[in-house]
Amino acid sequence: MRYVLIVSSKANPKSLSQLKSALEYVQKNNSELYSKLEIRYTEYAGHASDLAVELSKQFGDTITIVACGGDGTIHEVANSLAFSKTPMVCMPFGTGNDYVKTVIPDSKKWDILHYLCNLDKVTVKAIDLIKIDSYDASGEHIKEWSSYMNNVASIGLDTEVQAMAKVIVAKKDTPFNRNTAYIQAALKALFGKRGHDFKFELELEDGSRYVSDKSRFTLLSICNAGYYGGGFCPAPQADITDGVADICAIDDVSLLRAIRLIVLYRLGKHPGNNGVSMFRAKSGVITATASSGQLMGNYDGEDFFGQKVRFEVQHEALNLGFFPDGGWKSL
């Protein structure tokens, strides 16, 4: 098996330096593995997606594409490889690395050299993606704000927090701000507008239908995996292979309750609390009810808009490689 590493040029400089050192080590100590590696660096926004499509069409399942970047790079590659034969492996080069918290639970113990040296030990399994489709007020599909999603989509307060966090980092891109931007933004947003006007209906796991009896919520998250926003855990029981999305809806709550819930939400201890509803759904529709008629959401950290948003779980849509347990212990 050949491995094509798609490396984000905007990745953490420390990770890029470690990759260079790791490649030098492999070249010197494992020439067979080194001969299987090919490196492609991204050159523009969306390049990871373009590379994944090009490579998949050309080589199919004779290669594995290794997404080397943060959650954005992983999203681009996963979206491009949906329903293809080409497997994908995640190698975290970002700051938050939220998706790998689900697919590589012990990722903090790994380094880049060990990831490289364990590529031949990867086990490929088919996992789920979630299709997000946005529509305008006339019912027209908005292609540029529709996508396959591998991690979490959300509408409401956390979308505003995501936008604020991007501004914090853009104004002062420091390691501290990168690591704390979401928390800084969350605290700021709590004292602003917490309620958002929308309704939703779901096709639940058992085939029954649920229609919300309210039209104002703090947030709604649609989860394939368990973490987003720099470590927040909206779906502690999420399983990327079960064919079901975990849905978390939080009512429009008071400031005091919001402060308490955001702490629980970060720790994944919010289910069962007053004002929190959890569902397991195969599909659903979220519709704006405000006079502006516009939803603002994000999937895998990418912003999207629409008057109506539909989601549907795509079971076994992506071939994902999983590193062996304990592979970080030896080369």
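Q: Why is Lys214 called partly exposed?
A: Lys214 has 40% relative accessibility. Buried means under 20% relative accessible area, exposed over 50%, and partly exposed in between (1.4 Å probe, protein chains only). Lys214 therefore counts as partly exposed.

This is a predicted model, in which local features need pLDDT of at least 70 and side-chain atom pairs count only at pLDDT 80 or more, while totals for chains, interfaces and linings use all residues. Residues are numbered from 1 along each chain as its sequence is written, and side-chain values use heavy atoms, leaving out hydrogens and water.

Q: What makes the contact of Lys214 and Asp251 a salt bridge?
A: The N to O distance between their side chains is 2.6 Å. A salt bridge needs a side-chain nitrogen of Lys or Arg within 4 Å of a carboxyl oxygen of Asp or Glu, and the pair of Lys214 and Asp251 meets in one. Lys214 is in the loop between β9 (209-211) and β10, and Asp251 is in strand β11 (residues 245-251), so the pair ties together parts 37 residues apart in sequence. Strands are DSSP runs (E, at least two residues), helices likewise (H or I, at least four), numbered from the N terminus.

Q: Is Asp251 buried or exposed?
A: Asp251 has a relative accessible area of 15%, so it is buried.

Q: How do you know that Asp197 and Arg216 link distant parts of the chain?
A: Their side chains meet in a salt bridge with an N to O distance of 2.7 Å. Asp197 lies in strand β8 and Arg216 in strand β10 (residues 216-223), 19 residues apart. Asp197, at 26% relative accessible area, is partly exposed, and so is Arg216, at 34%.

Q: Why is helix α4 called largely enclosed?
A: Of the 11 residues of α4 (residues 71-81), 8 are buried, so the rest of the structure largely encloses this helix. Among the buried ones are Ile74, His75 and Val77.

Q: What angle do the axes of α8 and α9 make?
A: The axes of α8 and helix α9 (residues 255-267) cross at roughly 160 degrees and come within 10 Å. Angles under 35 degrees count as roughly parallel, over 145 as roughly antiparallel, 65 to 115 as roughly perpendicular and the rest as oblique. α8 and α9 are therefore roughly antiparallel.

Q: Why is α7 called oblique to α8?
A: The axes of α7 (residues 157-171) and α8 cross at roughly 130 degrees and come within 8 Å. That angle makes α7 oblique to α8.

Methods. Axes are lines fitted to C-alpha atoms, for helices over the stretch in contact, and angles run from 0 to 180 degrees between N-to-C directions.
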